[in-house]
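The following note sets out points for a colleague to check against the coordinates. Please read the points with the structure open.

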Amino acid sequence: MSKLSRQIRNLVFVLVVVLLSFACTIELLQIQIVDGEYYKDQTANTYTANQTVQAARGQIFTKDGKVVNTNRLVYKIIVQKAFFKSGTENDVIAKTLKILQNNDQKWIDTLPVSKTAPYKFTGDDDEIDTLRSKLELGVYATAENCMNALYEKFEISDSYGQEMRRYIAGVRYEMLIRDFSYQNRYTLAEDVSVQTVIELKEQSFMLGGIDIIEEAIRQYDGKDFIPQVVGRIGAISAEEYAELSDKGYSLNDTTGKWGIESAMESTLRGQNGIRSITRNSSGMVVSDEITKAATAGNSVRLTIESNFQNDVQAILENHIKWLHYNNDPTRGNKVDAGGVVVLDAKTGAVIAMANYPNYDINNYIDLINNPKDPNPTYNRCIYGLYRPGSAFKTITAAALVSGIANENTEVYCGGIYTYYDDYQPGCIMGFVGDVTVRTALRYSCNIYFYDMARQMGIDYLAKVAGWFGVGQDLNLEIGGATGNMSTPEYIESLGGTWTPGSTIQAGIGQLETTVTPLNLAVIALTLANDGTRYQPYLVDSVTSYDGTKTIKKTEPTVAYKIDADKHIFQVVREGMIMVADDVQWPMGSGITQLADLPYGVAIKTGTPQVTTDTFNSTILGYYPAEDPQICFGIVLEKGEFSRLMVRNIIESYFYNNYKPVTNEKGDIILPWGGQSTNTPGRPARGEADKNNSDTSSSSTN
């Protein structure tokens, strides 16, 4: 190539570069100067939406450190409106659901309409009313009307096919009721498989608005371990949201529904973080960041001791199985439910709370959809109301504080109470003769307690019962029924008529006096502490999330202190010890009596009548009688021999020794385990105990 040609080529190249530079300069001037204000406005017109970042919920431990409810990191599929392209919603949802279907994964769909045509309502009245209201339909709109309205509202074409069309409608409805917006993401599915995550990410270019995050969900490690106590969390309802929105909750949050999960909600919840997503006026996301980190909630340590709780649950279940196996129609083989509560006698802390029937908390939804009778989700220990029967006689005995009688006052029992001419009830023990309060408790003599109740009058008797917590709110963290004391006002509110005979029936725990198993344990607690009633509690302490640091420790609280001479409670104690020493056991059981335990046991049993031919079995008591460590209350619905569980409870708590006897089929032949040997040097129980230790008479009432 000649020298001239090279020069021409270089000149042309330089001219091209100059021209291009000039053109760029002109364009830059156009952008910065001529159109500068326009682009400045575009940059300034941004919108930031703040979304909630879920905080890890605090854990729930037993007193000895067993994890009951904790958290597990899982993959969640969420929908972000900021990344949704308008008009693509149904297509994106359909593609996502198809991937979930192919991997046998479930997604959230609470639309109260059947999944297939002809459409039918499947929810309760409130859910159906909400659906009609959201779609602005009348009260007579059918399920078909609702589905057609959903298809029209969200422009869900029939080209998706009937099945997918219904699924898309369910998701769109869920987004509607969960207030899906730039501020509120929508959780489509949680705890999805890794394979599902991989496939969603592979097709993410077609799934604008679909995001995958890792977050914690509640894990119920306890399974069938005190599910009625620990409780469960669930999605916030519209009604709950109206109350919780001011506390920072969103419609996508969860909250405790009952039990400890509900009672300790503010402690367990933690502080949610904030995710800020900024878009410009064209809808493009220009920033996506966590502007406030989430803080995990504090954890809760219960007063329940795991090994002992498991034993008490087994003791209750095995006793009921034995009653069924025993197959004696006169001895409670129709028993179908019951509850046991054991308290720390020094503090009121609940160390065991067993319900029968029991269930696995992970199967809760199935039980709600397919209810059983008796209901295993029902906490009979705090909500079940039962007549106490003769267990109430301990209160009538303690009412000696009225001064109408003393420990030596005798009442003659000739088998029939003859004070009233027109009402003369009998005594279950028949002829007993002259009895004092000790022997009246020992033999469960109705006549003695009839007369004491009559002399005190119902007003004073009701007052004393209130001192023991009957008819009172016991202020347990997870709530509970207050129960009722039979009074003229209460009986009349039920449509009944109060008569003089009503007072004496109230004195033996009959009529309409009702208590829970917790009430029975609290009565025993009050007796054990010479009239001091501690408030029962389930939360031992609040700790850091990992349980290593105690933040707040629960201190025992005195709910009421009876102003009475301690000697009165000692007299009642001696009578209750006599009851325990008289307990007889079925022949061939191979079990020793309560009298052979290392220390004295104080108990009072009851067999309250439910119907003409149906009775419950109740018992309250404490051990050791001389220095109480544990108190207990037991109710067996349509059961018998509740007293036979007492030794097992004592053996388990003090000697870690419980194992029932079964046959080759696994049937419970004997619900009693191996027994501890009599410890030498057993403390003296008092004169009443010594004077009556050779007596073999017994009372099952």
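1. In strand E10 (residues 299-302), Ser 299 and Arg 301 point one way and Val 300 and Leu 302 the other way. All four are buried, a term that stands for under 20% relative accessible area, with exposed meaning over 50% and partly exposed in between (1.4 Å probe, protein chains only). Strands (E, at least two residues) and helices (H or I, at least four residues) are DSSP runs, numbered from the N terminus.

2. The model is predicted: local features need pLDDT of at least 70, side-chain atom pairs count only at pLDDT 80 or more, and totals for chains, interfaces and linings use all residues. Residues are numbered from 1 along each chain as its sequence is written, and side-chain values use heavy atoms, with hydrogens and water left out.

3. E10 has strand partners, where pairing requires that DSSP finds at least two bridges between two strands. Strand E2 (residues 60-61) runs parallel to E10 and is joined to it by two bridges; here Phe 61 stands opposite Arg 301. With strand E16 (residues 539-543), E10 pairs in the antiparallel sense over four bridges, and Val 542 of E16 is the bridge partner of Val 300.

4. An open sheet is formed by five strands in the order E12-E11-E23-E22-E19, with antiparallel pairing. Its edge strands are E12 (350-356) and E19 (602-606), each of which pairs on one side only. From one strand to the next, the twist averages 5°. Within this sheet, E22 (residues 617-623) and E23 (residues 630-637) are paired over seven bridges, and Gly 621 has Phe 632 in E23 as its bridge partner.

5. Two helices lie across strands of this sheet. Helix H22 (residues 566-581) lies across E19 and E22, at about 70° to E19. Helix H23 (residues 646-655) lies across E11 (337-344), E12, E19, E22 and E23, and runs at about 145° to E23. These angles run from 0 to 180 degrees between N-to-C directions, with axes fitted as lines to C-alpha atoms, for helices over the stretch in contact; contact means heavy atoms within 4.5 Å.

6. Which residues of helix H7 (residues 194-202) are buried? They are Thr 196, Val 197, Glu 199 and Leu 200. Seen down the axis of H7, the buried residues fall within an arc of 165°, so they line one face of the helix; the arc is that of the directions from the helix axis to the C-beta atoms. The face turned away from that side carries the exposed residues Val 194, Lys 201 and Glu 202. The cover over the buried residues of H7 includes strand E3 (67-79), helix H3 (89-102), strand E4 (186-192) and strand E5 (210-220).
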